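Here's a quick look around the two ligand sites.

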Amino acid sequence: MKLCRFRNKHQEIRIGLVSDDSSLVDLTPAGFTRLQPLLESAGLAPQLNRIAQMKLPRMALSDVPLCAPIEQQEVWAAGVTYLRSKTARMEESNFSARAYDQVYEAARPELFFKSLPEKVVSPEEPIGVRGDSRWSVPEPELALVLNSGGTLVGFTVGNDVSSRDIEGENLLYLPQAKIYRRSCALGPFITIGATETEARAWAIRLVIRRQGTMVFTGQASVGQIKRSFQELAEFLFRSQDFPHGAVLLTGTGIVPPDSFTLHAGDVVEIEIDGIGLLRNTVTKV
Ligand code: DO4
Ligand code: MG
């Protein structure tokens, strides 16, 4: 069962329930026009199963523009959760290699603020590469959807677009490497009802196309993430309140070669089994 946000023909944002790969039902007649009450409700998966049995207006997914599945949640991200990410960052870093090595093993994970919800890029909208960066990459990541109590209620696909040269120059530049215009995309769906064990069997695939030609492809497994989802969520909610819930990216395990940088016009596709495909074009910001 999947939830999404979409624009109806009057350009109003609605909540959709996706129970097959080709269509959605508008949840407005069932009394839901926002995601948050659903994500906060106990027994969400059985509730969605009941709603799916109701006779509600159905429309083809291909006919409706999807919006990022986020309302008022802050977006945070975990880093250096895959061995591949640790190695790449140690290599790119001028003098902070030890910090990545240490945080990979440490009890406390690396967690950083990524985006305000209103800045998140929707499926099919442009993601950004900074005008003052020479080396920018997509970071395909499983995103945990957490309610206000810190409970994991769903999963979506995230892109933690990053400037590797800015991060590599000095670790204190991390916020500039990570947080800038159009640097975070989410979507297309929130998958409800999957367990962590099920999600750990999913693959994450990245394909980058330039003028119709594939210039990079890579794959990782969610199961390679070193820390449990519970552990990441627990650290995020320590001494911190998220009254609207939060979205937490879980780190990247796919790193293009050092010779690769995103160009304006590139098309980036991130697909995660059990969720769907997030596609964005690249623009210079
Ligand atoms: O330490 C910097 C960021 C790491 C990150 O974003 C990742 O591993 O995905
Ligand atoms: Mg990342």
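## Ground rules

For the classes used here, Ala, Val, Leu, Ile, Met, Phe, Trp, Tyr, Cys and Pro are nonpolar, Asp, Glu, Lys and Arg are charged, and the others, Gly among them, are polar. On that basis, the shell around ligand 1 holds 7 charged, 4 polar and 4 nonpolar residues.

This is a predicted model, where local features need pLDDT of at least 70 and side-chain atom pairs pLDDT 80 or more, while totals for chains, interfaces and linings use all residues. Residues count from 1 along each chain as written, chains are lettered from A and ligands numbered from 1 in written order, and side-chain values use heavy atoms, leaving out hydrogens and water.

## Around ligand 1

So who's next to ligand 1? It has 15 residues around it (a heavy atom within 4 Å), and the closest are Val80, Ser85, Glu110, Lys178 and Thr252. Helix H3 (83-92), strand S7 (110-115) and helix H6 (174-178) each give at least two residues to this shell; helices (H or I, at least four residues) and strands (E, at least two) are DSSP runs numbered from the N terminus.

Oxygen atoms of ligand 1 sit 2.7 Å from a side-chain N or O atom of Lys178 and 2.8 Å from a polar backbone atom of Val80. The protein buries 99% of the 270 Å² that ligand 1 exposes when taken alone (Shrake-Rupley, 1.4 Å probe).

## The magnesium site

The magnesium ion (ligand 2) has Glu139 (OE), Glu141 (OE) and Asp160 (OD) as protein donors, 2.0 to 2.1 Å away. Donors are N, O and S atoms within 2.8 Å of the metal (3.2 Å for Na, K and Ca), and with water not among the atoms, sites may look incomplete. Glu139 lies in the loop between strand S9 (136-137) and strand S10 (140-146) and Asp160 in strand S11 (residues 152-160), so this pair ties together parts 21 residues apart in sequence.

Note on methods: A polar contact is a pair of N or O atoms within 3.5 Å; within protein, one must be able to donate a hydrogen and the other to accept it, and residues adjacent in sequence count only if both atoms are side-chain atoms.
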